[in-house]
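I opened the model to look up its sheets, the helices on them, a pocket, ring pairs and some backbone details. My notes follow in the order I took them.

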Amino acid sequence: RGESPIRFRIVGLATGRNADAMLAQAKRFHVHDLALAADSTAQGRTGGSPAGAATPGVRIRMGSQAAEQLVREVECDIVLGAMVGAAGLPATLAAINLGRDIALANKETLVAAGELVIPAAVRSGSRLLPVDSEHCAAWQALLSSALGTRHSALCPPLSCGPDIARLILTASGGPFRTASASATYNATREQALNHPTWQMGPKVTIDSASLTNKALEIVEAHWLFGLPGEKIGVLVHPQSIVHALVEFADGNILAQLAAPDMRTPIQYALTFPHRPEGVSRKLDWGALGKLDFSTPDRERFPAIDAAYDIIARAGTSGAIFNAANEVAVEAFLAGRIPFGRITELSRAALEEVGVSPLRSLDDVLAADAEARRCVQARLRASHATA
C-alpha cells in the first residue's frame with residue numbers, strides 16, 4: 001500500500017516438515033530454491049531427488065543441512081531467520097559469516113551461541129535486525145535517542161554505554177498471569193496453549209505461558225544491545241501495547257507502543273531504515289482505556305531467574321537450557337509431564353550438564369545433544385517410577 005522505495009523478491013524458502021506450504025509459496029512468489037529439513041516428507045513431490053521437483057526449474061535441498069546449504073548457495077541481501085529452536089543456528093551463522101543482514105526472529109540463535117554470533121557479525125559487518133516485538137521496540141527507542149547518528153549505522157549488534165540505565169522488556173503474562181501456583185503448575189495443554197494476546201505456534205506459545213520466552217529474550221537482549229543482566233528487566237503488561245522501555249541515566253524513559261501484531265516488527269526489520277505505510281491496525285487511543293504494569297512472580301515463573309544465571313555463567317549454559325527446554329516442552333505437549341515440570345527440567349539440565357567454554361559451533365551442538373540426553377533420561381526415570 002502507498003509508495004515505498006522498498007521492493008522484495010524472495011529468492012529462497014526453507015521449512016522443517018511442511019513441504020506443501022513451502023511449495024505453494026514457491027509457486028505464488030516464483031521461488032526456485034528451496035530447503036526441506038525432513039527428507040521423507042518431500043519424496044512424493046520431488047521424485048526422491050532434490051533436483052527433481054514437481055515444478056520445473058525448482059531445486060529442493062533436503063536433509064538436516066538443507067537450510068545452511070540454501071543460505072550458502074543462493075545470493076541475497078537479507079535472510080529472515082525464523083526457524084524455531086536451535087535448528088536454525090547453522091544457517092543463521094552461515095549467513096552472518098557471509099556478511100548478510102539477518103532479520104532475526106529466532107532468539108535461540110543468540111541464547112545458544114551469542115558468544116559466537118556477535119563476534120562473527122562484528123567481523124563480517126552483518127547487521128542483526130531484531131524481529132521480536134520487544135527487541136524491535138528497544139531498538140527503535142535507542143534509535144530515537146541517537147540524534148546526529150545515521151540510523152542505518154545504528155543497528156545491532158550494539159554496545160550500549162553508561163547513558164543507558166536500564167532496558168525493560170514487557171510480557172503479557174500469558175494465560176496464567178493471575179492463576180494460583182498450584183493451578184499454574186498443573187495446567188493442561190489446552191490451558192497453556194490459550195494465549196490471551198498473541199497467535200503463535202505451539203512451542204512459542206508454551207514458552208510464553210511459562211515466561212521461558214521472556215527468559216530467552218532477556219539473554220537475546222544482552223547480546224543484541226551489549227547490556228549486562230542487571231540492566232535488563234521485565235514488566236508484565238497484559239495489554240501488550242508497550243513492547244519495551246529504555247531508561248536513560250538522566251531518568252528519561254522512551255517507550256515504543258504499537259498494536260500487538262507481529263507484522264509490525266517484521267515490516268520494520270525488513271524495510272529498515274524506511275518506514276512505508278504499515279500493514280497492521282493503528283492504535284485507537286480513545287478506546288485504549290488504561291495500561292497496566294506489574295513485576296513478574298518469579299516463584300511461579302522461575303525461568304526468569306534462569307536467564308540471569310545463563311548470562312552470568314556464559315559458555316554453553318544457553319545451549320544447555322535452550323535444548324533442555326525444547327525437550328521438556330515436547331514432553332508436556334505429549335502429555336508426559338505437568339506444565340510446572342518444564343522449567344524444573346530445564347534448570348536441572350543446567351545444573352547436571354557441565355557448562356563449558358564456547359569456542360565453536362561444535363561446542364554448541366555437543367552441549368545441545370548432552371542436554372537433550374539429560375532430560376530424556378530424567379523423563380524415562382520418572383516414567384519408570386510412576
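How many bridges join strand 7 to strand 9, and do they run parallel or antiparallel? I found 5 bridges between strand 7 (residues 164–171) and strand 9 (residues 242–248), and the two run antiparallel. I took strands as DSSP runs of E, at least two residues, and helices as runs of H or I, at least four, both numbered from the N terminus. Two strands pair if DSSP finds at least two bridges between them.

Before going on, I noted the ground rules. This is a predicted model, with local features needing pLDDT of at least 70 and side-chain atom pairs counting only at pLDDT 80 or more, while totals for chains, interfaces and linings use all residues. Residues are numbered from 1 along each chain as its sequence is written, and side-chain values use heavy atoms, with hydrogens and water left out.

I then traced the whole open sheet, which has 4 strands in the order 8-7-9-10 with mixed pairing. Its edges are strand 8 (232–236) and strand 10 (253–257), each pairing on one side only. From one strand to the next, the twist averages 20 degrees. Axes here are lines fitted to C-alpha atoms, for helices over the stretch in contact, and angles run from 0 to 180 degrees between N-to-C directions.

Next I looked for helices on this sheet. Helix 6 (residues 133–145) lies across strand 7, strand 9 and strand 10, at about 40 degrees to strand 9. Contact means heavy atoms within 4.5 Å. Helix 10 (residues 212–225) also packs on the sheet and touches strand 7 and strand 8. Its direction makes about 150 degrees with that of strand 7.

I found an open sheet of 3 strands, order 4-5-6, with parallel pairing. Neighbouring strands are turned by 25 degrees against each other on average, direction ignored. I counted 4 bridges from strand 4 to strand 5 (residues 101–104). Glycine 81 has leucine 104 in strand 5 as its bridge partner. Helix 4 (residues 89–97) lies across strand 4, strand 5 and strand 6, running at about 145 degrees to strand 5.

**Entry: the second largest pocket**

Which element gives the largest share of the lining of the second largest pocket? Helix 11 does, with 5 residues. Helix 11 (263–271) and strand 10 are the elements that give two or more residues. I read 19 lining residues, with Ala258, Thr264, Gln267, Arg275 and Gly278 nearest the centre. By class, 7 are nonpolar, 8 polar and 4 charged. Here Ala, Val, Leu, Ile, Met, Phe, Trp, Tyr, Cys and Pro count as nonpolar, Asp, Glu, Lys and Arg as charged, and the others, Gly among them, as polar. On a 1 Å grid over the protein atoms alone, a pocket is an open set of points where a 1.4 Å probe fits, with protein on both sides within 12 Å along at least five of seven lines; lining residues have an atom within 4 Å of a point.

**Entry: aromatic pairs**

My search of the whole structure gave 5 aromatic pairs. Tryptophan 139 and tyrosine 268 have ring centres 5.2 Å apart and planes at 80 degrees, so the pair is edge-to-face. Rings of Phe, Tyr and Trp (its six-membered ring) pair with centres within 6.5 Å; planes under 30 degrees apart count as stacked, over 60 as edge-to-face and the rest as tilted. Tryptophan 139 lies in helix 6 and tyrosine 268 in helix 11, so the pair ties together parts 129 residues apart in sequence.

**Entry: backbone details**

The peptide bond from proline 156 to proline 157 is cis, with omega near 5 degrees. I placed proline 157 in the loop between helix 6 and strand 7. Another cis bond joins phenylalanine 272 and proline 273, with omega about 10 degrees.
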